[in-house]
Amino acid sequence: MDPYSAEGELINIHNHFHQGQYQEVITFDTSTLSPENALPARVLQLRARVALGEAAEALADVKGAAEPELQAVGALAQFALGKVDAAVAAAERLAAESAENTTVQVLGGTVLQAAGKSEEALALLGQHQGSLDAVALIVQIHLNNNRNDLAVKEVAAARRWAQDSLLVNLAESWVGLRLGGEKYQQAFYVFEELAQAPATSSVRTLVSQAVAELHLGRTEEAQAALDQALTKEPEHAEAIANLLVLSVITGKSAEEAISSLQKANAEHPLLVDLAEKSELFDKAATKYKAKAAA
């Protein structure tokens, strides 16, 4: 039996992870799991610790581990700690030695993609045998590379064998937000159901709902969802980043949001993009000043 299926032992801890309920993953009672599911559950708990900013603790936990799954967690933790070269080297070694391992595929692919090695990541992930985690990451990579067509095909193929799985619904919603039109509303229904149900609500699902609301032009509803998210976690970078976007859209000052985002994550992609665009603007302005002075 697939441990991640509706009848499998790992369905709840797996769903907690992908709903962004990382604390629930860490405190999940694994004592009753069968021996073959103990390691996959441990991997999910370690990944949750990395997601919560406890990468150093996760790395210490897997130090010296022989299992490729735990070595893959180590590579992910190293990347989170800024040890990019070491993380990539570990991911590439594991890809060469244990490419058939699902955890190596997913975590190694995550590290490689984060390091800008999309082709290597896709080559590794493409070896999966029915892993929805791999499918979800492949979809994200295609969207990141502006290959909406390939993302659509990946979701459609997974839908045929995974049907109503949480990860397929999420992946389809990510694609929907990129395609737009009526897909916005469909994505909203998925995110709103997860965000507003007490059993599945998390900062991640609330931010996802807010993004869908923004695409639908519902700024007040987006504000409400982001307020909920920031009440749960005041320094959550993605929630702050989307609040910044909302401020710009509604004509409010974004200075406070920019300051908060700098404190939460000074290297956030939105801040990097803003800095790059500001620099380009200054360069262009300098050229016009020179012409005006002449």
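A crossing of two helices is called left-handed if the near helix is turned anticlockwise from the far one by less than a right angle. In this predicted model, the crossing of helices α5 and α7 is of that left-handed kind. Helix α5 spans residues 68–80 and helix α7 spans residues 102–114, and the two pack with their axes 9 Å apart at an angle of about 20°. Because angles under 35 degrees count as roughly parallel, α5 is described as roughly parallel to α7.

Helix α5 contributes P68, E69, A72, V73, A75, L76 and F79 to the contact, while T103, V104, L107, T110, V111 and A114 come from α7. By residue class, this contact of α5 with α7 comprises 10 nonpolar, 2 polar and 1 charged.

Turning to the aromatic side chains, the structure contains 2 aromatic pairs. In one of them, the ring centres of F17 and Y22 are 5.5 Å apart and the ring planes lie at 65°, so this pair is edge-to-face. Both F17 and Y22 are buried.

The other pairing is that of F188 with Y189, whose ring centres are separated by 5.9 Å. Here the planes stand at 50°, so the pair is classed as tilted.

Note on methods: Residues are numbered from 1 along each chain as its sequence is written. This is a predicted model: local features need pLDDT of at least 70, side-chain atom pairs count only at pLDDT 80 or more; totals for chains, interfaces and linings use all residues. Side-chain values use heavy atoms; hydrogens and water are left out. Axes are lines fitted to C-alpha atoms, for helices over the stretch in contact, and angles run from 0 to 180 degrees between N-to-C directions. Helices (H or I, at least four residues) and strands (E, at least two) are DSSP runs, numbered from the N terminus. Angles under 35 degrees count as roughly parallel, over 145 as roughly antiparallel, 65 to 115 as roughly perpendicular and the rest as oblique. Contact means heavy atoms within 4.5 Å. Ala, Val, Leu, Ile, Met, Phe, Trp, Tyr, Cys and Pro count as nonpolar, Asp, Glu, Lys and Arg as charged, and the others, Gly among them, as polar. Rings of Phe, Tyr and Trp (its six-membered ring) pair if their centres lie within 6.5 Å; planes under 30 degrees apart count as stacked, over 60 as edge-to-face and the rest as tilted. Buried means under 20% relative accessible area, exposed over 50%, partly exposed in between (1.4 Å probe, protein chains only).
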